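Biologist: Please take a close look at the disulfide and the nonpolar core of this structure. I would welcome one connected account.

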Amino acid sequence: QVQLVESGGGLVQAGGSLRLTCVASGNIISANAMAWYRQAPGKQREWVAAITNTDSPLYTNSVKGRFAISRDNAKNMLYLYLQMNSLKPEDTALYYCAASPSSLIASTIRSLSQYDSWGQGTQVTVSS
């Protein structure tokens with residue numbers, strides 16, 4: 001497993017932008033696929049975007065064209081980013097970073113059960 005810490009959340013007006021960052025430490029070799037999930041109050045945790053170990057990005061339909069996921073390695077740390085543009089009130093949620101030891105493919109990369117490392121989350125609030 002790896003340790004994951006998210007940051008970058010905040011309060012923004014509709015149409016604004018935020019960039020979330022997730023810093024992975026520890027056994028980062030085991031972090032193959034990585035993903036962002038979000039959970040709004042009273043709702044289930046929802047898959048937002050993921051990036052495979054070959055750096056191929058995938059997005060849920062509601063964020064395509066607005067969000068961009070990327071990753072970067074530096075020394076003994078792994079960084080996962082989520083650039084969020086044209087934010088909408090329905091994007092309001094607690095956003096979580098997750099890492100999977102598996103080389104996931106499109107048919108499995110959305111599955112919450114594939115991820116064994118999770119961060120504590122960072123709150124994103126979009127006002128109308």
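Modeller: A disulfide is a pair of cysteine sulfur atoms within 2.5 Å. By this rule the count comes to 1 disulfide, which joins Cys22 to Cys97 with an S to S distance of 2.1 Å. The torsion about the S-S bond of Cys22 and Cys97 is about -75 degrees, so the disulfide is left-handed. Because Cys22 belongs to strand E3 and Cys97 to strand E9, the pair ties together parts that are 75 residues apart in sequence; strands here are DSSP runs of at least two residues, numbered from the N terminus. This is a predicted model, in which local features need pLDDT of at least 70 and side-chain atom pairs count only at pLDDT 80 or more, while totals for chains, interfaces and linings use all residues. Residues are numbered from 1 along each chain as its sequence is written, and side-chain values use heavy atoms, leaving out hydrogens and water.

Both Cys22 and Cys97 are buried, that is, under 20% relative accessible area with a 1.4 Å probe, protein chains only. A nonpolar core is a set of buried Ala, Val, Leu, Ile, Met, Phe, Trp, Tyr and Cys residues joined through side-chain atoms within 4.5 Å. The largest such core has 30 residues, of which Met34, Trp36, Leu82, Met84 and Tyr95 touch the most other members. Strands that each supply at least two residues of this core include E3 (18–26), E8 (77–84) and E9 (93–99). Apart from this core lies another, of 10 residues, among them Ala50, Ala98, Leu104 and Tyr115. Leaving aside neighbours within four places in sequence, Leu82 is in contact (heavy atoms within 4.5 Å) with residues including Leu20, Trp36, Phe67 and Tyr95.

Key. Buried means under 20% relative accessible area, exposed over 50%, partly exposed in between (1.4 Å probe, protein chains only). Helices (H or I, at least four residues) and strands (E, at least two) are DSSP runs, numbered from the N terminus.
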